[in-house]
Amino acid sequence: MTEFVQVKNFINGKFTDCVGLLDSFNPATGEVWAKIPDSGQYEVDAAVNAAAQAFPGWSQTPQAKRSAILQKVADILESRLDEFAVAESRDQGKPVSLAKRMDIPRAVHNMRFFATSCLNHQEKANYMDIPGALNYTTRLPVGVAGLISPWNLPMYLLTFKLGPALASGNTVVCKPSEMTSVTAWMFCEVLSEAGVPPGVVNMVFGTGPKAGDALVRHPSVPLISFTGGTATAGVIRAATATQCKKLSLELGGKNAGIIFEDADLEKCIPTTIRSSFVNQGEVCLCTSRVFVQRSIYDRFLEKFIAEARAIKVGDPSAPDTWMGALVSKEHAAKVTGYIQRAAEGGATVQCGHGIDTGIDGSNAINPKGYFVRPTIITDVKDDDAIMQEEVFGPVVCVVPFDNEEEVVRRANGVQYGLCAAVWTSDASRLHRVARKLEAGTVWANCWLVRDLHMPFGGCKSSGVGREGAVDSIEFYTEVKTVCVQIE
Ligand code: TXE
């Protein structure tokens, strides 16, 4: 009989059973490898109650003590890095090597960073000479925070919410993605071992429309931090519209890479390969539209295709694998559907899905896994679906442009506004273009260099709100102004 990993809810410091169970698949083999709770209102109520009861104790725990506990969480997670990386890969489909180098170290960093940044936070004060009054602000945690995280970077994004929420004194109910619940469940053990008191962190596993919906609607949850699809965010906004909740929504993107003719291609091409295909293209910050100045278009394209073709796709546990499997069968079908429809509409698929079998000439990947090779598409129009909609897979379109004004207009011509990457050696142009791009983050001559001190989030359909050192503290607390008249 097959042994499954049995994920359990974590409520009030205890692992608890749930009557209904869901299958969770290993994307690289297409086989069920874990069973997760199919939680609903009953489990969410229990978790919210536990968090509400733990709130007075945790919110009044001295900041330095909370910080010490969270730093211990980071230390224990770091000591179990390899084990978490293997589980993250098996659950999500990404290479183990990537989880070891990016996901888990970043989760450790998130916990450590927010544990310490809260200690260094200062508030505002202002003296009014007429009528003579001293004003200052003070911050209080919001209460029970609902944290809903997606499947692409499970531990990375969960801890980006959990770290600041806990450091600010909130208690939480987390609802990780039903497709990638295993590492969040493992993490509960780490939290207990580090001394996080019962009820401070509760994990409820299950689907979005059932467990997620019960959490966002819960009247005792005044704050929701959500990362996921733009359409889901619309459902959450509608569900919470009458309740005045604090919402942070980190959503999708259709991010542009803009490559001017004076760009350093030696640096730009490998970085654009990474920005297009890392984590199977399943990062909201991935580049999906590459605009290349016409004078270097052919040269860029030739090298870019050659590097994409050289990417090793396959068994996520093999040390030399660079790209693994997409998260689910349905998601892989969505991604390949976009490629197929683009080809039927007259686009040219230069390499990847349906064309390549791999650099060694073989197709050495498990046919039952959800693998899609790095795919580059040209000869598309700006208003084609593949240039407008978030594909969220290893698919990138490359198109030529002639001048700065034109490329800024075209880059901005989508509903999203998450990030962009600009490549040029002209510093003035770089700043000019960065200011004009409608995006929450603009990277110049680099990509995914993330400083947690900086605000992170999107504009337009890419989200509402910012998170980062100061921004996260602001989001996870209510600010109060105290005004003292001085006679
Ligand atoms: O995400 P969902 P899906 C984009 C990407 C992808 C698309 C759909 O384009 O193809 O979204 O992916 C929970 N109330 N991104 O459908 O559903 C869900 O259980 C409360 C971008 O898988 O948004 C999970 O925990 N919660 C992205 C989380 O929301 C609900 C990352 C995200 O899942 C809910 C992932 C509901 N009604 C997908 N419905 C990014 N910004 O990084 C679902 N959920």
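For residue classes I count Ala, Val, Leu, Ile, Met, Phe, Trp, Tyr, Cys and Pro as nonpolar, Asp, Glu, Lys and Arg as charged, and the others, Gly among them, as polar.

**Ground rules.** I am looking at a predicted model, where local features need pLDDT of at least 70 and side-chain atom pairs count only at pLDDT 80 or more, while totals for chains, interfaces and linings use all residues. Residues are numbered from 1 along each chain as its sequence is written, and side-chain values use heavy atoms, with hydrogens and water left out.

I went to the largest pocket and got a volume of about 760 Å³ (a pocket, on a 1 Å grid over the protein atoms alone, is an open set of points where a 1.4 Å probe fits, with protein on both sides within 12 Å along at least five of seven lines; a cavity is a set the probe cannot get out of; lining residues have an atom within 4 Å of a point). Its lining has 33 residues, and Trp151, Phe226, Gly228, Gly229 and Thr232 sit closest to the centre. I find α7 (208-217), β11 (223-227), α8 (230-240) and α11 (329-344) each giving two or more residues to that lining (helices are DSSP runs of H or I, at least four residues; strands are E, at least two).

**Cavities.** I see four cavities of 30 Å³ or more.

**α5 on α6.** Helix α5 (154-167) packs on α6 (182-194) at about 50 degrees, axes 9 Å apart (axes are lines fitted to C-alpha atoms over the stretch in contact; angles run from 0 to 180 degrees between N-to-C directions). So α5 is oblique to α6 (under 35 degrees is roughly parallel, over 145 roughly antiparallel, 65 to 115 roughly perpendicular, the rest oblique). In contact (heavy atoms within 4.5 Å) are Pro154, Met155, Leu158, Thr159 and Leu162 of α5 with Thr183, Ala184 and Phe187 of α6. I note six nonpolar, two polar and no charged residues there.

**α2 on α5.** Helix α2 (63-79) meets α5 at about 160 degrees, with axes 10 Å apart, so α2 is roughly antiparallel to α5. Gln63, Arg66, Leu70 and Leu77 of α2 touch Met155, Gly163, Leu166 and Ala167 of α5. That contact divides into five nonpolar, two polar and one charged.

Note on methods: Points joined across faces, edges and corners; volume = space filled by probe spheres on them.
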